[in-house]
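Student: I'm new to this one. Can you walk me through it?
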Amino acid sequence: MKIDYQRRIFGLDLMRACAIIFVVLAHLGYLVSFTEHPLAIYLLSQMGFLGVELFFVLSGFLIGRIVYRGLVKEEASISDLGYFWVRRWLRTLPNYYLMLLVNILIGLSVGYQLTQFDWQRDLWKYFFFLQNFHDFHLPFFPESWSLSIEEFAYLLGPALLFAMLPLFKNKNKAFLTMVLGILVLFLATKIIFHLTHDLSTLTQWNDQLKAIVIYRIDAIYYGMLAAWLSLNYPTLWKRNAAFSAILVSLLFVALQLIMGQGDFSVSAKPVFWNVLYLPLISILIAGHLPWLSGWKRESGLWTLLITRLSLWSYSMYLLHHTFLLYLFELWWPWQMESAFAKAILAFVYLASLLLLAAGLYRFYELPMMKLRDHPRVRRFFKK
């Protein structure tokens with residue numbers, strides 16, 4: 001497949017490639033048993049966390065620009081809204097449902113039992129992205145938690161914007177009001193969570209707040225706010241973009257250093273963890289977008305590698321954990337006591353993941369995405 005580099009933005013491909021690398025390495029670290037090293041545990045957990053947060057903000061930025069250009073216009077119709085959703089679903093749902101069915105078949109064939117998971121009670125929720133809507137139900141297909149957040153974010157914002165458009169003479173203000181309203185709403189849900197929950201461990205914070213839809217949709221909308229700024233203030237957006245990226249990077253490092261001083265546990269700093277930390281991380285990530293969105297690059301080996309990883313990232317995400325990592329744990333024939341055995345395992349796992357993701361993208365994900373521009377689909381929504 002030939003890549004049209006002129007239509008791609010290398011910086012955003014780099015952001016997406018870094019996100020999937022972080023997530024994969026985080027789970028690979030547990031597969032090859034780095035758990036005896038406390039520093040390794042911390043770094044891997046941070047990489048996994050940041051990888052998903054990068055996906056959230058980047059997705060919001062790209063989708064925000066699409067929604068703005070597609071709906072913020074005088075003649076926006078219900079067909080425009082439907083066409084946006086159909087294009088989004090053809091991008092995300094085919095891969096998701098394929099891997100969901102594959103994982104179900106594997107689980108039933110090997111007969112594994114999952115703690116706190118009732119197949120008849122809970123499995124249906126995965127088909128409607130309800131497995132982590134207001135509570136934690138993810139012993140099966142755990143990486144799907146982020147997809148639920150994204151799907152509901154894609155439903156909520158555009159629907160709310162379309163309902164608001166008739167109330168605003170200035171459609172641009174309607175978009176901004178929608179974004180800011182959602183940011184405030186989900187800051188409020190985190191405040192309510194803080195007032196009604198008493199967490200003592202980071203695991204509880206992960207399961208009860210970080211991975212729950214009704215507390216996390218705003219992560220997408222910090223990217224949408226960045227999209228609005230980039231479209232309405234392009235000169236300001238580009239000015240000092242590199243300096244902005246350096247500044248927010250330094251602020252992120254400073255935040256980590258501050259968190260490492262004294263007792264910064266969930267129980268000791270509940271307001272910080274429950275209300276402030278997640279929005280702050282989203283803002284710091286969004287601060288890199290002015291620089292990354294302006295970084296274009298011609299073809300070359302480095303660009304080819306980054307672009308391929310970016311294109312394969314969604315397939316890699318769906319393949320890397322419940323499917324591939326579990327099968328390696330089940331069937332890997334060697335003991336992983338030596339560093340050499342761990343290195344071989346890591347190499348075989350990563351090579352298998354790349355090959356499977358490339359094949360899934362080329363022969364399934366890409367053909368499904370091409371249906372978005374099928375003449376019948378376009379005619380149906382453009383009547």
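Predicted model: local features only at pLDDT ≥ 70, side-chain atom pairs only at ≥ 80, totals over all residues.

Student: Okay, helix α15 then. What span should its 32 residues have?
Tutor: Helix α15 covers residues 339-370, and at 1.5 Å a residue it should span 46 Å. Its end C-alpha atoms are 44 Å apart, which agrees.

Student: Where does α15 bend?
Tutor: At Y361, by about 45°. Y361 is also among the buried residues of α15.

Student: Which other residues are buried in α15?
Tutor: They include A341, K342, L345, A346, Y349 and L353. Further along, A357, L360, E365, L366 and M369 are buried too.

Student: What do the buried residues of α15 pack against?
Tutor: Three helices: α1 (10-31), α3 and α14 (301-331).

Student: Let's switch to H321. Which helix is H321 in?
Tutor: H321 lies in α14.

Student: Why is H321 called buried?
Tutor: Its relative accessible area is 18%, and buried means under 20%.

Student: What does H321 touch?
Tutor: H27, P142, E143 and Y326, leaving out residues up to four places away in sequence.

Student: Now the surface. Which residues make the nonpolar patch?
Tutor: V110, L330 and W331 make a patch of about 300 Å².

Student: Where is V110?
Tutor: In helix α3, which runs over residues 78-110.

Student: How exposed is V110?
Tutor: V110 is partly exposed, because its relative accessible area is 34%. That value falls between the 20% and 50% cut-offs.

Key:
Residues numbered from 1 in each chain as written. Heavy atoms only, no water. Patch = residues over 30% accessible without salt bridge, like charges linked within 9 Å, V, L, I, M, F, W, Y side chains within 5 Å. Areas by Shrake-Rupley, 256 points an atom, 1.4 Å probe, with all protein chains shown as cover. Salt bridge = Lys/Arg side-chain N within 4 Å of Asp/Glu carboxyl O. Helix = DSSP H or I, 4+ residues; strand = E, 2+ residues; numbered from the N terminus. Buried < 20%, exposed > 50% of the residue type's maximum accessible area, 1.4 Å probe, protein only. Expected span 1.5 Å × (residues − 1). Bend = angle between axes of the 7 residues up to and from the residue. Contact = heavy atoms within 4.5 Å.
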